[in-house]
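Trainee: Please pick one part of this structure and take me through it closely. I want to know what surrounds it, too.

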Amino acid sequence: MGRKKKVKLMEPQEEDIKQPVIKVKAPKQTHTSITCVDCGAERIIKVQDIRQVTRCVDCQTKYRKLKRKEYRKNRLARLRTQKENLINLAKTHNVPETEVQEALV
Ligand SMILES: [Zn+2]
C-alpha cells in the first residue's frame with residue numbers, strides 16, 4: 001500500500017513546557033490568625049510572629065506612629081532636663097551661664 005503515513009509535526013504542547021515551580025506554602029502550617037488587641041479585627045500572621053504581633057496592620061501603624069511621637073516628645077523633655085541640670089551644676093560652680101549656653105549648642 002502506498003498510503004503515506006501522516007506525520008504530525010510534534011509541536012510542543014502546553015503541558016510539555018516546563019512551568020516554573022511555584023511553591024505555595026500551606027497556610028495551615030505557617031500562618032495563623034490573631035485578634036487585634038485594639039479593634040478586634042482578625043489578622044493573618046506567620047506562626048513565628050505570634051509573640052510579636054498583637055495588632056492588625058492599621059492599628060500597628062497607628063501604634064508605631066504614637067510610640068515614635070512619644071519617643072520624640074520624651075527625648076526633648078530628657079534633653080531639656082539634662083540642659084537644666086547642667087545649668088544648675090554650672091551655677092553651683094560659678095560658671096557663667098553664657099559659657100554653658102555656648103557649650104550646649
Ligand atoms: Zn486593629
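Mentor: Strand 2 is hardly covered: of its five residues, the number buried is zero. Buried means that 20 or more other C-beta atoms lie within 10 Å of the residue's own; exposed means 12 or fewer; partly exposed is in between, and the C-beta atoms are placed from the backbone. Helices (H or I, at least four residues) and strands (E, at least two) are DSSP runs, numbered from the N terminus. This is a predicted model: local features need a pLDDT of at least 70, side-chain atom pairs count only at pLDDT 80 or more, and totals for chains, interfaces and linings use all residues. Numbering starts from 1 along each chain, as its sequence is written.

How far can you trust this part? The pLDDT (the predictor's confidence in each residue, from 0 to 100) is highest in strand 2, residues 42-46, at a mean of 95. It is lowest in helix 1, residues 27-30, at a mean of 66. Where pLDDT is low, the predicted coordinates should not be read in detail. The average for the protein is 84, and 78% of the residues score at least 70.

Now the partner. Strand 1 covers residues 31-35 and runs antiparallel to strand 2, with five bridges joining them. Two strands count as paired if DSSP finds at least two bridges between them. Take two positions. Thr-32 has Ile-45 of strand 2 as its bridge partner. Ile-34 stands opposite Arg-43 in strand 2. The two strands form a hairpin, with six residues between them. In the turn, Gly-40 has a positive phi of about 80°.

Look at one residue of strand 2, Lys-46. Lys-46 counts as exposed because 12 other C-beta atoms lie within 10 Å. Its contacts, leaving aside neighbours within four places in sequence, are Thr-30 and His-31. A contact here means C-beta atoms, placed from the backbone, within 7 Å. His-31 is 15 residues from Lys-46 along the chain, yet their C-alpha atoms are separated by 4.3 Å.

Across in strand 1 sits Thr-35. Thr-35 is partly exposed because it has 13 other C-beta atoms within 10 Å. Not counting residues up to four places away in sequence, Thr-35 touches Gly-40 and Glu-42.

Buried residues make up 1% of the 105 residues. Among contacts with a separation of 6 or more, residues 24 or more positions apart account for 0%.

The other pairing to know is between helices. Helix 2 (residues 57-92) and helix 3 (residues 97-104) pack at about 145°, with axes 10 Å apart. The axes are lines fitted to C-alpha atoms over the stretch in contact, and angles run from 0 to 180 degrees between N-to-C directions. Helix 2 contributes Lys-83, Leu-86, Ile-87 and Ala-90, while helix 3 contributes Glu-97, Val-100 and Leu-104. By class, this contact has five nonpolar, no polar and two charged residues. Nonpolar covers Ala, Val, Leu, Ile, Met, Phe, Trp, Tyr, Cys and Pro; charged covers Asp, Glu, Lys and Arg; the others, Gly among them, are polar.

Asn-94 lies in the loop between helix 2 and helix 3. Its phi is near 60°, positive in a residue other than glycine. Most residues other than glycine have a negative phi. Asn-94 counts as exposed because it has 6 C-beta neighbours inside 10 Å.

Conventions. Two residues are in contact if their C-beta atoms, placed from the backbone, lie within 7 Å.
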